[in-house]
Amino acid sequence: MSGNVELLNDTLAAAKSEGRAALIAYLPAGFPTVDGGIAAIKAALDGGADVVEVGLPHSDPVLDGPVIQTADDIALRGGLKIADVMRTVREAHAATGKPILVMTYWNPIDRYGVERFTAELAEAGGAGCILPDLPVQESALWREHADKHGLATVFVVAPSSKDARLAEITAAGSGFVYAASLMGVTGTRESVGAQAEDLVRRTRATTATPVCVGLGVSNAAQAAEVARFADGVIVGSAFVKRMLDAPDDAAGVEGVRALAADLAKGVRGQA
């Protein structure tokens, strides 16, 4: 069975044709429970997210901030397995028809088996994988199986990436390019925003693939700001925080839905 890379491509192209950036939500599988995580992801999509990244919780999430680390810890203590991640992808896609990716560190895939992981993700209706710590020069095996199963391979670029490195990364990736930056603390936002915009400009010079930005966005105004220069706005910690801060799981799910609706207005310039 083939995965849904074309659905992802079509979704991003449709947003562009509407003159807006896509809204991409991130939520970890198994948080606060497997069923609760599926409900939250459906709520994000129903609220207005175009795409969801399902996080595969990791015991040492070195690239994630404290909010996502807390959620990962809850999921892992709940006994989350890769089978639960696949179920999350399957049910979220089946319920909404929207593209669902998995964001994961390389080690769990390597242990599970690349062929097994890609085959199961495609069978679940997944659109691809974001692999933040897989070096492009070591990605041939993954890309071979991802291509065979119709899955996107999304690599991460950073402001520190040199132009030649950006070209190497974008040539190997598919779906979209994940441009990682930070909104920063009070007083640094203007310079960091400029840094992110410059990264998008430099990345676009190497590829026609959409460039989506993860920048610490938490509200519609910030989403509108990033949507001005990016093809997609990626929001993770703000969704997870809605779940963590809620008095119960049901309230958390409604908080996710409301935030998605607010951010969807932002990427459409309606904030």
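Start by selecting strand E6 (residues 156-157), helix H8 (residues 163-172) and strand E7 (residues 177-180): together E6, H8 and E7 form a right-handed β-α-β unit. Here right-handed means that, with the strands pointing away from you, the path from the first strand over the helix to the second runs clockwise. Helices (H or I, at least four residues) and strands (E, at least two) are DSSP runs, numbered from the N terminus.

A word on what you are looking at: this is a predicted model, in which local features need pLDDT of at least 70 and side-chain atom pairs count only at pLDDT 80 or more, while totals for chains, interfaces and linings use all residues. Residues are numbered from 1 along each chain as its sequence is written, and side-chain values use heavy atoms, leaving out hydrogens and water.

**Stop one: the sheet**

Stay with E6 and E7, which pair in the parallel sense over two bridges; two strands count as paired if DSSP finds at least two bridges between them. Click on Val156 and look across to Tyr178, its bridge partner in E7. Tyr178 also stands opposite Cys212 in E8. Strand E8 (residues 211-214) pairs with E7 in the parallel sense, over four bridges.

Now show every strand of this open sheet: nine strands in the order E5-E4-E3-E2-E1-E9-E8-E7-E6, with parallel pairing. Strand E5 (152-154) and E6 are at the edges with a single partner strand each, so one side of each has no neighbour in the sheet.

**Stop two: H11 against H12**

Next, select helix H11 (residues 237-245) and helix H12 (residues 249-267), whose axes lie 8 Å apart at an angle of about 150 degrees. Axes are lines fitted to C-alpha atoms, for helices over the stretch in contact, and angles run from 0 to 180 degrees between N-to-C directions. H11 is therefore roughly antiparallel to H12 (under 35 degrees counts as roughly parallel, over 145 as roughly antiparallel, 65 to 115 as roughly perpendicular and the rest as oblique).

Show the side chains where they meet (contact means heavy atoms within 4.5 Å): H11 brings Ala238, Phe239, Arg242 and Met243, and H12 brings residues including Val253, Leu259 and Leu263.

**Stop three: H3 against H11**

To see the contact, select Val67, Ile68, Thr70, Ala71 and Ile74 in H3, which meet Ser237, Val240, Lys241 and Leu244 in H11.
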